[in-house]
Amino acid sequence: MELSENKQAIVERHNKVVYVDGDRIVKVFKATKPASDVFNEALNIARVTEAGVRVPRVLEVSQVADGAWALSTEYVAGVTMRSLMDAAEGTDEYDRLLEQFVDFQIEIQGTPAPELLKDQKTKIAGMVGKTPDLDPSVRYDLQMRTDRMAPGHSICHCDFNPSNVIVAEDGTLYACDWTHVTRGLPEADAAMTYILFKMYHPGHAEAYLDLFSKKADVAKQKVHYWVPVMAAAELSRGRKDAEEFLRSQVDVALDID
Ligand SMILES: Nc1ncnc2c1ncn2[C@@H]1O[C@H](COP(=O)(O)OP(=O)(O)O)[C@@H](O)[C@H]1O
Ligand SMILES: [Mg+2]
């Protein structure tokens, strides 16, 4: 695909640059990014779109001039929930936004999951198996939890955080960034969101969990149960920036000093 002269970079990360280019968003990955990962993200978007979730539609996967892979989706004019929350910090408006955010997550989880979405248990088990430098007793505990994971039928975004929710100009919410979606348990999805709040906005993590628990009618203990497992899975991605925090989440929940 070709990007126009008017493209604007909105996010730059170690493995990609995200551009707005007219009425589309283009994620241009580094040349080292395997094509299968990019097609997989596009396939995930197509599947959740077909399931009825409000997501920016996928338009194209192809190579850019230097051979790197790029994924384009429809651009949703609006702002991220993250920027609205940051601006509303300390006001009642923040609580209203958090409620909208939680309602949207529950709505997505309540959408019947396509059979072909990756199975959460299989994915998590593979990741926990690859997490480096885990104490053997901790690893055993995590594997036992994963082995007993019930089959879930919810769409679990698994990276559901306010920067992945776009609030369109008419107020409609859209979810982007579907790399990690699985078919699984809502409480495990919520555990990941809880970890992300604790990592980036710790002052709001408990309010998120309270609200999720009440609105989804899921005991907080069930969410806490998956925190060490989801933190270990995240560690397996080699998140160096967050390593210390994620290890603390693995250990604290298992009550290990
Ligand atoms: N379709 C879209 N419409 C508008 N903004 C988008 C869209 N997709 C992504 N964005 C913006 O780009 C940012 C990065 O995109 P995202 O898919 O979340 O990539 P990353 O994997 O780098 O987090 C989002 O946080 C959002 O601000
Ligand atoms: Mg994102």
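Let's start with E234: is this residue buried or exposed?

A: E234 is buried, with a relative accessible area of 7%. Here, buried means under 20% relative accessible area, exposed means over 50%, and partly exposed is in between (1.4 Å probe, protein chains only). Before going on, a few ground rules: this is a predicted model, where local features need pLDDT of at least 70, side-chain atom pairs count only at pLDDT 80 or more, and totals for chains, interfaces and linings use all residues. Residues are numbered from 1 along each chain as its sequence is written, chains are lettered from A and ligands numbered from 1 in the order in which they are written, and side-chain values use heavy atoms, with hydrogens and water left out.

Back to E234. Its partner in a salt bridge is R239, with the closest N and O atoms 2.9 Å apart; the term means a side-chain nitrogen of Lys or Arg within 4 Å of a carboxyl oxygen of Asp or Glu. R239 also forms a salt bridge with D241, this time at 3.2 Å. Shared partners join E234, R237, R239 and D241 into one network.

Across the whole structure, the search turns up 17 salt bridges. One of them pairs D86 with R82, at 3.3 Å. These two are four residues apart in helix α2 (residues 81-88), so about one helical turn separates them. (Helices, H or I, of at least four residues and strands, E, of at least two are DSSP runs, numbered from the N terminus.) D86 is partly exposed at 41%, while R82 is buried at 14%.

Another salt bridge brings the side chains of D177 and K27 together, at 3.4 Å from N to O. N164 sits in the loop between β7 (154-156) and β8 (165-168), and D177 in the loop between β9 (173-175) and β10 (182-184), so the pair ties together parts that are 13 residues apart in sequence. N164 is buried at 6%, and D177 is partly exposed at 22%.
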